[in-house]
Amino acid sequence: MTAGRALSRRTLALVTFGFAIGAIVLVALLVQRAGPSGAGAADHLDAPGLTPPPGGDGIGTDLTDIYAFQSPAAASKTVLIMNVNGLTTADLTNPPGPDRPFGTKVPLVNGNPNVSYHFRVDTNGDAVPDIDVQIRFGKARADGVQQMRVKILGRGGEDIAFQGRTTGFGQPALVNDGPLGIKTFAGRRDDPFFFDLVGFLNILDIGGRSFVGCGGPNSHPENDTFKGQNVSSIVLELPSKLLEGGGDSNIGVWGTTDVGDTQIDRMGRPAINTVFIPNNPFPPDRVVDGKPSKKTTFNHGQPSTDVANWTGEVVDTLQTTFSLNDAGGALGGTDDPSDDAGKINALASVLLPDILTVDVSNPAGFLNGRRPSDDVIDAELGLVTEGFVTTDCVGSNDVAFPSTFPYLAAPHATHP
């Protein structure tokens, strides 16, 4: 099978399955971090191993979201976005939180290795990276400016390397021009994720804080948990041919953060780890159920082993979310669960491996890659609940996305 056919069939399977149960979506549900006191979504603070020791430099290595889509400025280019330094528990009551630089070095017992940020690209459908877009940063100045080095490492030795710098705190976006028409940006931006996290965590609290029955997609946009929050964003716009294998436009993308040779965090599709890997909010995988956390183990793993290692965890979580729609259940569903097993197993088979698939020749968004404006939550809720819940009533970001590079809104002003 060719690379393009492998990736195209994976995407087609997602679309076909979505239609079969009444939603055109790719699955991933955004929820909270592991642990009883945390909060997060997409991939915000998804694992306890992100604080030293022995993991990363805290939030600097915590991925929040990954995006990949055809450039709206040039059909021959692709945009890659990676966000880190996202919402913390303290930020919920005091947004947007402090300005934070990118990670540089992390003192460990056996040295002082570099922090690096990676877009991993699979060009042939085997869930193994063929191209590595690597970004590293120097020590931050008082105004937040850091030197930035970008490397695009190809399998054929045709490497590209260039330098730039980040945008200082409170400064207009600085666009770095690289070779071959490549553009880069790194700095603070508005958190582009929009979601009623509190409503989801209280989904069974009908009549209370649950968003079940909230109405239309924009009925309660004020309940966007990420309204007013900032992230640190890395944005690249580059010729798609640099990411393609043999000219095939179908690729798979995921992000990792690394300290030296140790992978700290990874993410492809939104919330695979935070929703499906214990601890998560659903029995039997909750903290209160006594299920130990496996999130750091997942973060340290590779997509190529996801199917073998994590299918069971995805299946047992889907069994719980599908049951929300069962006749006589807590939410008053009407579904006959006799066909659930087949649907769940089929769905699990397309959720893993955790890679964001995209045809870079196609301008469509989610499930073809992911654009910042895509309402992935509304697309996904219907699928994981068998159509019982179809919206969190937050249909758009709190501020408009710009149509020009770097495609993310300016950050919110931090407190004096």
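**Ground rules.** I number residues from 1 along each chain as its sequence is written. Because the model is predicted, local features need pLDDT of at least 70 and side-chain atom pairs count only at pLDDT 80 or more, while totals for chains, interfaces and linings use all residues; side-chain values use heavy atoms, without hydrogens or water.

**Sheet.** I looked up the strands first (DSSP runs of E, at least two residues, numbered from the N terminus, like helices, which are runs of H or I with at least four). Five of them make an open, antiparallel sheet in the order 1-2-9-8-7 (strands pair if DSSP finds at least two bridges between them). At the edges I found strand 1 (63–70) and strand 7 (176–177), each pairing on one side only. Strand 2 (77–84) and strand 9 (230–239) share eight bridges, and Thr 78 sits opposite Leu 238.

**Core.** Next came the largest nonpolar core, with 38 residues, including Phe 195 and Val 314. Such a core is a set of buried Ala, Val, Leu, Ile, Met, Phe, Trp, Tyr and Cys residues joined through side-chain atoms within 4.5 Å; buried means under 20% relative accessible area (1.4 Å probe, protein chains only). Among the helices supplying at least two residues each are helix 5 (306–323) and helix 6 (340–351). Helix 7 gives the most, six residues.

**Helix 6.** Which residues of helix 6 are buried? I found Asp 340, Ile 344, Leu 347, Ala 348, Val 350 and Leu 351. They lie on the same side of helix 6, because they cover an arc of only 165° around the axis (taken from the directions from the axis to the C-beta atoms).

Note on methods. Buried means under 20% relative accessible area, exposed over 50%, partly exposed in between (1.4 Å probe, protein chains only).
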